[in-house]
Amino acid sequence: ALAAVAALATACVSYDAVAQRDDPGDRDAYCRGSGPPILVDDTCTGEVAAAAFRAAVCACGDLALAAAVTLDAFDSRTGPWTPGGAGGDLAANRGVDTGAALTVGGSAIVAGPGGLAAGARADVAGDLTVAGPLGRSSSTIAVGGAARLGGDVDVAALTVAGTLTTTAAAMVSGVVTAGGRATAPVTVPAPCPCAAADVIDVAAAIAAHAVANHDAAIGLAPDQLADARGDATLTLPCGRYYLDRAQVTGGGLAIVARGRVALFIAGGVTLDGDLSIALEPDAELDLFVGGSLNLPGRVTLGDPRRPRALRVYVASAGTIALAGGSTLAGNLYAPAADLATSAAVEVFGAILVNHWNLSAPAAVHYDRAIAVAGDACER
């Protein structure tokens with residue numbers, strides 16, 4: 001699956017060759033297909049998404065969760081989200097620090113030395129795998145599956161329905177109840193695809209589509225949003241489109257996708273107002289952003305009934321801050337960036353970031369349909 005992620009790293013081996021393969025006049029032929037967009041190098045964005053979004057929350061670095069977080073899952077192909085659906089994994093390549101209740105409807109995997117510093121309560125419905133230490137002396141932790149722990153255990157109480165595996169050197173403090181006990185070495189490979197060979201080359205994909213796109217077919221200028229004033233709306237029919245940047249002074253930006261759409265923005269997105277992305281029925285949108293996201297207003301992305309249909313890829317580092325009342329119904333890929341949420345946020349889909357600094361409650365409803373998004377690709 002990671003081969004699909006790595007494919008974008010070679011998207012612009014030859015700009016001239018790509019441009020010859022993707023004459024703007026081919027838009028009609030391209031739009032006769034359906035499902036997720038197909039890029040100029042024949043990469044299906046659905047296959048890329050299926051490989052990238054394997055957990056509800058994935059951190060290349062660590063997670064600092066100072067407020068309550070709830071993860072669950074649903075399948076948008078069979079109906080809308082309902083509370084408490086099984087699934088929704090939590091994964092971090094370095095560590096997780098929770099200051100409040102943590103509820104994981106799937107499994108939790110934490111690599112790196114940071115371990116899982118749980119707050120007063122942590123509930124994991126599936127398996128728990130932690131490379132480093134687990135808990136605090138005040139933590140009550142319940143695991144519905146098995147637990148494999150590579151460091152010390154310091155808890156008020158730990159309950160494991162399955163087998164609890166600890167290392168021979170581990171110190172265990174607190175009341176521990178388990179369906180079985182085992183002693184063995186515990187190694188935890190990094191669960192999130194953040195190694196250099198696995199990271200999607202968003203900048204390369206943008207560069208390839210700067211010279212091979214369907215802008216001319218709809219009269220879209222690359223600088224159309226480079227210096228917009230007041231509220232701006234960008235309505236995109238089926239096609240692949242390129243913009244230099246999106247900068248809106250004195251207003252916000254509304255993007256409406258009709259059909260299978262891929263939008264490539266070389267620079268950043270800087271707004272004074274709100275950002276909204278709407279998908280018409282059966283539309284798909286892949287948004288690739290090369291620069292930073294400066295979003296002081298409310299962010300409302302996608303359709304909660306079809307989170308699988310929206311994928312946002314960000315190349316830059318820095319911080320993505322979400323204001324109060326924001327809702328993300330889609331999948332956010334920003335492995336070099338930090339996500340900061342200081343007000344309650346609800347996510348339908350998945351998040352892959354470097355760090356998540358959270359100081360207000362959050363709920364993430366993973367859409368299991370993203371795992372088979374590539375099946376719908378039609379070239």
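Mentor: Let us begin with the term itself: a salt bridge is a side-chain nitrogen of Lys or Arg within 4 Å of a carboxyl oxygen of Asp or Glu. Side chains of opposite charge can pair when their charged atoms come close. Please keep in mind that this model is predicted.

Trainee: How many salt bridges does the structure hold?

Mentor: The count is 9. One of them joins D97 to R136, with an N to O distance of 2.7 Å. D97 belongs to strand β5 (residues 95-98), while R136 sits in the loop between β10 (128-130) and β11 (140-143), so this contact ties together parts that are 39 residues apart in sequence.

Trainee: Which residue forms a salt bridge with D123?

Mentor: The partner is R121, with the closest N and O atoms 2.8 Å apart. D123 is partly exposed at 24%, as is R121 at 36%.

Trainee: What can be said of the pair R311 and E284?

Mentor: Their closest N and O atoms are 2.7 Å apart. Because R311 lies in strand β26 (residues 310-314) and E284 in strand β23 (residues 284-289), the pair ties together parts that are 27 residues apart in sequence. R311 is buried, with a relative accessible area of 0%; E284 is buried as well, at 11%. Through shared partners, salt bridges join E284, D286 and R311 into one network.

Methods:
Residues numbered from 1 in each chain as written. Predicted model: local features only at pLDDT ≥ 70, side-chain atom pairs only at ≥ 80, totals over all residues. Heavy atoms only, no water. Helix = DSSP H or I, 4+ residues; strand = E, 2+ residues; numbered from the N terminus. Buried < 20%, exposed > 50% of the residue type's maximum accessible area, 1.4 Å probe, protein only.
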